[in-house]
Amino acid sequence: MGCVALVWAVRERSEQERETRKQRRITTWVDSVPMTAVSVTGRCHRGPTGLRAAAVVSAAVAMLVSGCGDTADDGAGRDVVVMAASSLTDVIETVFEGRDSVTPVIAGSSTLVAQLAAGAGADVLITANSATMEQAVSEGSVHGEPVLIAVNVLVLATPAGNPGGVTGLADLGRGDLLTGLCAAEVPCGTLARQALDEAGIAPSADTLELNVRALATKLSLGELDAGLVYATDARMAGLATVDAPELSDHVNGYYIASVSAEPPPHIQAVIEDFTVLGSVGAKALYAYGFLGSDRRPVWPVPA
Amino acid sequence: MRQRQRPRHIQALTAASPPDDAAEPGPARSASQLPAALTVVGFVALGLLALPIVGLLQRTPWSSLPTLLGESEVLEALRLSLVVSVAATAACVVLGLPLAFVLARRRLRSPRVARAVVMLPMVLPPVVAGTALLFALGRRGLVGQWLDTWFGVSLPFTTAGAVVAAAFVALPFFVVTVEAALRQAGDDLDEAAATLGAGPWATVVHVVLPTIRPALAAGAALSWARALGEFGATLTFAGNFPGRTRTLPLETYLALERNPEAAVAISLVLMAVALAVLVTLRDRWMPR
């Protein structure tokens, strides 16, 4: 009996605590909604009294299913979710280090586009080629106009010291070496295939990695003798590179776009971190070895 | 302590003997004695588990299913998946059975550490497990470099590597299941057999193994199911190449990038195969 009473008392107390905590959360949440965003969220919450209750509900829902769905709450109280291609991992880390208001999601470009199409909640998309961005635009998951922020070139990379004695692109057809490429489904794989096709080389790959980072890691561990990775990844993983003039024409453009057609200022600011000359993102891109957009491929105008 | 252990022990023995356990007080477990809240939450949990599967079924392109599944890549991946998962299960049985015996019957200096080591692959993110395997068995790995120089064997990027990766993550499921059964069965029967003149091998083969047969089947089924669905460790350790290391889960992932409908179709096959095997096993072998 005493035990029951104790449990009850504990429950009462935690109930009280929870109530105060809830109050606090509501106030911070409501306070942090800027004037512009209120009109957007207004669709979800009716009237000032309803607002509070709705805020509680939406906070609870947000904790459960991460977001109140695609009825769009662009409130600044929520983190800005930036989806970025895996080759941008370090750039993204550098740019958003210590910024709690931004949540980066890193994956292969095509995975990101598929997730967006499936209704994943994100605000900004950065892909590692134009094809995936085009797809996102045509599927209607991205409404802002894509902007080219950098380009990356493919290189023929080997582990440090080139233990396999790789001398050129043609060595990717050698059966006695362990070689790797990206899978054709991801941008670095598409690019590699184009380059190899044009050079007339039939690769004898031992693995088709699902992202460029995994390929670079396997090269740096010495598990593979050669592979085609982006210049930036080769640099990050400390790989040696072998001259392959056939690759120089093959570059990928990195595109950024906002998911909503008219992004609120705080999301626009995140995009400008990359698009504006001399911005923190542009600097980071440069620092990690991406090329400037001077080799700018023409952006296909979305229909 | 003793009081709690004893009845469970007896119950285990009766449950392990022929399945028509009339001694089991079946009707006593009627719903009326279960608190309503437990029942409700229990069913909600069941619904949560079933919901994603319903979601999958609802998006399944039933009419184009045969075409999607008839693709040579899918069939190739299916064949490879069956080979890899069965081989991995065999490895789990061959290695896991002795390990379960050691854990259950030997006096170990630090049994907790040993058991934690066995459980580690269960909690390790599979990608990390794959990386760890590379460090150990890769061409430049701790042991792998000697395998390479002495025998010219390199596991990464081979089907054997995929089997190793799957077995690594699946082994704990077999060991934990069998060890629990061995403990529950206790060593009374072993001692009885020994008194009657049976040697250690005869005891294991004719007394212990028949007693824990349901657990053996359950453990094998669990580890097989885990091996069949294995993705991260396979990808990291064995890579991805059609016909060699691209198992169904990897094929599903790639299909998701080029044609989500195909991915749904493959997942459906994966689930159907697993469900069929598990249900069959449950009916035939496992105690209900």
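Biologist: Let's start with Gly96(B). Which helix is the place of Gly96(B) in?
Modeller: Gly96(B) sits in helix α4 of chain B, which covers residues 72-105. Keep in mind that this is a predicted model.

Biologist: Is Gly96(B) buried or exposed?
Modeller: Buried. The cut-off is 20 or more other C-beta atoms within 10 Å. Gly96(B) has 27 C-beta neighbours inside 10 Å, so Gly96(B) counts as buried.

Biologist: Which residues is Gly96(B) in contact with, leaving aside neighbours within four places in sequence?
Modeller: Four are listed: Leu171(B), Phe174(B), Val175(B) and Val178(B).

Biologist: And what separates the C-alpha atoms of Gly96(B) and Val118(B)?
Modeller: A gap of 9.8 Å. Along the chain, Gly96(B) and Val118(B) are 22 residues apart.

Biologist: Zoom out a bit. How many helices and strands has chain B?
Modeller: 14 helices and zero strands.

Biologist: How much of chain B counts as buried?
Modeller: 35% of the 288 residues.

Biologist: Now chain A. How many helices and strands there?
Modeller: Chain A has eleven helices and nine strands. Buried residues account for 44% of its 303 residues. For contacts in chain A with a separation of 6 or more, 74% come from residues 24 or more positions apart.

Biologist: What pLDDT does chain A average?
Modeller: The average is 75, and 71% of the residues score at least 70.

Biologist: Where does pLDDT stay under 50 in chain A?
Modeller: One stretch is residues 19-75 of chain A, with 49 contacts beyond four places in sequence in the model. Another is residues 295-303 of chain A, with nine such contacts.

Biologist: Pick a helix pair in chain A for me. How do α5(A) and α6(A) lie?
Modeller: Helix α5 of chain A covers residues 109-117, and helix α6 of chain A covers residues 130-138. Their axes come within 9 Å and cross at roughly 5 degrees. α5(A) and α6(A) are therefore roughly parallel to each other.

Biologist: Which residues make that contact?
Modeller: From α5(A), Ser109(A), Ser110(A), Val113(A) and Leu116(A). From α6(A), Thr132(A), Gln135(A) and Ala136(A). The contact of α5(A) with α6(A) has three nonpolar, four polar and no charged residues.

Biologist: On to the two chains together. How many residues of chain B are in contact with chain A?
Modeller: 16 residues of chain B are in contact with 15 residues of chain A. On the chain B side, helix α13 (residues 248-258) gives the most, with five residues. That side divides into nine nonpolar, three polar and four charged residues.

Biologist: What does the largest nonpolar core look like?
Modeller: The largest nonpolar core has 142 residues. Those with the most contacts inside this core are Val124(A), Leu125(A), Ile126(A) and Ala167(B). Helix α8 of chain B, residues 159-185, gives the most to this core, with 18 residues.

Biologist: Which residues does Val124(A) touch, not counting residues up to four places away in sequence?
Modeller: Among them are Val80(A), Val82(A) and Met83(A). Val124(A) also touches Ile256(A), Ser258(A), Val259(A), Ile267(A), Val270(A) and Ile271(A).

Note on methods:
Residues numbered from 1 in each chain as written. Chains lettered and ligands numbered in written order. Predicted model: local features only at pLDDT ≥ 70, side-chain atom pairs only at ≥ 80, totals over all residues. pLDDT = per-residue confidence, 0-100. Contact = placed C-beta atoms within 7 Å. Helix = DSSP H or I, 4+ residues; strand = E, 2+ residues; numbered from the N terminus. Buried ≥ 20, exposed ≤ 12 C-beta atoms within 10 Å, placed from the backbone. Nonpolar A, V, L, I, M, F, W, Y, C, P; charged D, E, K, R; others polar. Axes fitted to C-alpha atoms, helices over the stretch in contact; angles between N-to-C directions. Parallel < 35°, antiparallel > 145°, perpendicular 65-115°, else oblique. Core = buried A, V, L, I, M, F, W, Y, C linked by C-beta atoms within 7 Å.
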